[in-house]
Amino acid sequence: MIRLSGISFGYGPGRQVFEGLDFSLREGERAGLIGSNGSGKTTLFHIVMGLLRPQAGTVEVFGKRAETEDDFRRVREQVGLLFQDPDDQLFCPTVVEDVAFGPLNLGLPRAQVRAVVAETLGRLGLEGFEERVTFRLSGGEKRLVSLATVLAMRPRVLLLDEPTAGLDEETTARIVRVLRAPGLSYLIISHDRDFLAQVADTTYRLKGGRINLAQIGPASLDTSCGVRLA
């Protein structure tokens, strides 16, 4: 589904992140990605989505090379990215507007969008949140609503950046149930080894600009709008 070949990227002199990085995610794969802070995990996601462009190498998504903004626009319609900071994801006044925004922009009929919003909020235990003002939500509630905006797009693959950061055990368990549903493919950045053990069949470690298989264990983790539906 996703193939990165020979990726090189840096933020300037002395800030090289990747040099010839290769990585692929297969259909049906449920994978975790671990690594120390600053190792490039979020940068990797942003390269896949075209939010950052590599200095060398190729990005291939669903069998097609992505190079231009039009290419990446199609990628973003099929790959769901959950940002690490929910405030980067939520921009509409209310929850229902934020969750409906993506499906409406895909051209779905409003009646279908209403059904998608209701089903998605229900999966995450957010019934009754439709008219809540997003900036007044708690940090955990914002994270759940951010995930709802991604799931409502019905993406073919998910890239989730620290989806359980700051969440309590009950809410984390709710997300685990959602992710263990059949048919999902995803790559999840997380420092929570217990969470990854529940949702990831494969775990990769990003270190020194390279990605390798990792084992989950005590020493395995580095510790270092105006949308209207009526």
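**Notebook: helix packing and cores**

I looked up what lies against helix H2: its buried residues pack against helix H1 (41-49) and strands E4 (56-61), E5 (64-65) and E6 (79-82). The model I am reading is predicted.

Next I listed those buried residues of H2 (residues 69-78), which are Asp 71, Phe 72 and Val 75. Viewed down the axis of H2, they fall within an arc of 90°, so they line one face of the helix. I noted the background: an α-helix has 3.6 residues a turn, so residues three or four places apart point the same way.

I then turned to helix H5 (residues 139-151) and helix H6 (residues 169-179), whose axes come within 12 Å and cross at roughly 10°. Angles under 35 degrees count as roughly parallel, and that makes H5 roughly parallel to H6. From H5, Leu 144, Leu 147 and Leu 151 meet Thr 171, Arg 174, Ile 175 and Val 178 of H6. I sorted the residues of this contact into 5 nonpolar, 1 polar and 1 charged.

Last, I looked up the cores. The largest nonpolar core has 38 residues, and Leu 124 and Phe 195 are among those with the most contacts inside it. Elements that give two or more residues to this core include helix H3 (95-105), helix H4 (110-123) and strand E7 (157-161). H5 gives the most, with 6 residues.

I checked Leu 124 by itself. Leaving out residues up to four places away in sequence, Leu 124 touches Leu 144, Leu 147, Ala 148, Leu 151, Arg 174 and Val 178. A second, separate core of 32 residues includes Leu 25, Ala 31, Phe 45 and Tyr 204.

Notes: Residues numbered from 1 in each chain as written. Predicted model: local features only at pLDDT ≥ 70, side-chain atom pairs only at ≥ 80, totals over all residues. Heavy atoms only, no water. Buried < 20%, exposed > 50% of the residue type's maximum accessible area, 1.4 Å probe, protein only. Helix = DSSP H or I, 4+ residues; strand = E, 2+ residues; numbered from the N terminus. Arc of directions from axis to C-beta. Contact = heavy atoms within 4.5 Å. Axes fitted to C-alpha atoms, helices over the stretch in contact; angles between N-to-C directions. Parallel < 35°, antiparallel > 145°, perpendicular 65-115°, else oblique. Nonpolar A, V, L, I, M, F, W, Y, C, P; charged D, E, K, R; others polar. Core = buried A, V, L, I, M, F, W, Y, C linked by side-chain atoms within 4.5 Å.
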